[in-house]
Amino acid sequence: MDRQQEFVLRTLEERDIRFVRLWFTDVLGFLKSVAVAPAELEGAFSEGIGFDGSAIEGFARVYESDMVAKPDPSTFQVLPWETPDGGPYSARMFCDIAMPDGSPSWADPRHVLRRQLSKASEAGFTCYVHPEIEFFLLANLPDDGSEPEPADNGGYFDQASHATATHFRRHAIETLEAMGISVEFSHHEGAPGQQEIDLRYADALTMADNVMTFRYVVKEVALTQGVRATFMPKPFTDQPGSGMHTHVSLFEGDRNAFYDAEDPHELSETGKAFVAGVLHYAKEISAVTNQWVNSYKRLISGSEAPTTVSWGRANRSALVRVPMYSPGKASSRRVEIRTLDSACNPYLAYSVILAAGLKGIEKGYELPPPAEDNIWQLSDSERRAAGYSQLPQNLGEALAEMEKSELLPEALGEHVYDFFLRNKRVEWDNYRSAVTPYELRTLLPML
Ligand code: GLN
Ligand code: MG
Ligand code: MG
């Protein structure tokens, strides 16, 4: 047993923890959990815990359904809240999923990201990310198709009077910090009920785990405050949606490979080629960065979400922004990718972004000129003249782009790629064949 595993066992004993939740993530980005008693952990570390993979979305076909969850002791954290009856705390660890022969499962999103990160490391890079996570707090969570009620009436950066949200953020942040997840900023976002919490940068695998933990913690803390949280990309027709802007940098050892003091954007050739790669593949990775039918309702003009393949410096309508918050500071040079929404699978989204950016570096793609005009205000023909191509406008278009892609089967692995396309085709077909309240409201009285 190694030192980390020993540390886990000792902590469980010292803190009298009776349940350890083993967490992993399915292909669509849902958190799964199996609880084990501490006595089982030694075995779990050496052999893993067996489960029926065919019951997990995207994991296995029935005839090969035996799978094994192997806890990663470096992710051990005590869940910093008591059971409702004041009982002892429990703890969690993220798992890697293996086949019975011990080889990693191709269906495990964590493994997909691990594979991409080892490609980055073969090229000499470590990848750091920090997400700005937006979500809504709601007074209720109706499931009958009616519009929810936001938990407050605040707007961008509002303080005071919105007592619920203020307490909520403090509790959520304390809980996250107690689990080793550092929070950099938090504030009220533009829409009523909308919040944003930005996490301090970490390596991409740790951050994908952190995002999963974040969603769980935020939903739990919301319940304790008498409200509900949702990461749905666009719950309100007339309000902006919830993005997960993601700041990315690549380091070579201690050196930020994206920094160049001489460049007007302080962006190195490596940084530029990375952005060029992300733009080159933006349409084909869209089904992964924006994976739900609802995701495409967010990507519309006028709500600070991108609609075209473009980059810029201060431009908040661009897909990639090169922020200039701390000029001259090499360690903080990064690029902000603004397409991702808060309901993506973070392991897969980071994988495809990294795959696209690394391809840009490998092939030496050229960065087009920056978009300094406000793209939302341009007409379609002006956009075409300026050379901005449209992002997919719905999940169907995004899937068509994904089907043509050579990058995605390589980045996701054939298993996840095929499952994802099959699953999402069904979602799109169900959605496009449904008659909506909009049609009933506008067409029924008229036709
Ligand atoms: N909510 C916007 C989006 O969907 C972002 C708003 C902002 O952070 N400036 O991306
Ligand atoms: Mg924001
Ligand atoms: Mg941002």
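## Glu-189 and its loop

Let's start with Glu-189, which sits in the loop between strand S8 (183-188) and strand S9 (194-199); strands here are DSSP runs of E, at least two residues, numbered from the N terminus. This is a predicted model, in which local features need pLDDT of at least 70, side-chain atom pairs count only at pLDDT 80 or more, and totals for chains, interfaces and linings use all residues. Residues are numbered from 1 along each chain as its sequence is written, chains are lettered from A and ligands numbered from 1 in the order in which they are written, and side-chain values use heavy atoms, with hydrogens and water left out.

Glu-189 counts as buried because its relative accessibility is 12%, where buried means under 20% relative accessible area (1.4 Å probe, protein chains only). Beyond residues up to four places away in sequence, Glu-189 touches Glu-134, Gly-155, Tyr-156, Gln-194, Gln-195 and Glu-196; contact means heavy atoms within 4.5 Å.

## Meeting ligand 1

Both residues also reach ligand 1. An N or O atom in the side chain of Glu-134 is 2.7 Å from a nitrogen atom of ligand 1, and a polar side-chain atom of Glu-189 is 3.2 Å from an oxygen atom of ligand 1.

Technical notes. Helices (H or I, at least four residues) and strands (E, at least two) are DSSP runs, numbered from the N terminus. Buried means under 20% relative accessible area, exposed over 50%, partly exposed in between (1.4 Å probe, protein chains only). A polar contact is a pair of N or O atoms within 3.5 Å; within protein, one must be able to donate a hydrogen and the other to accept it, and residues adjacent in sequence count only if both atoms are side-chain atoms.
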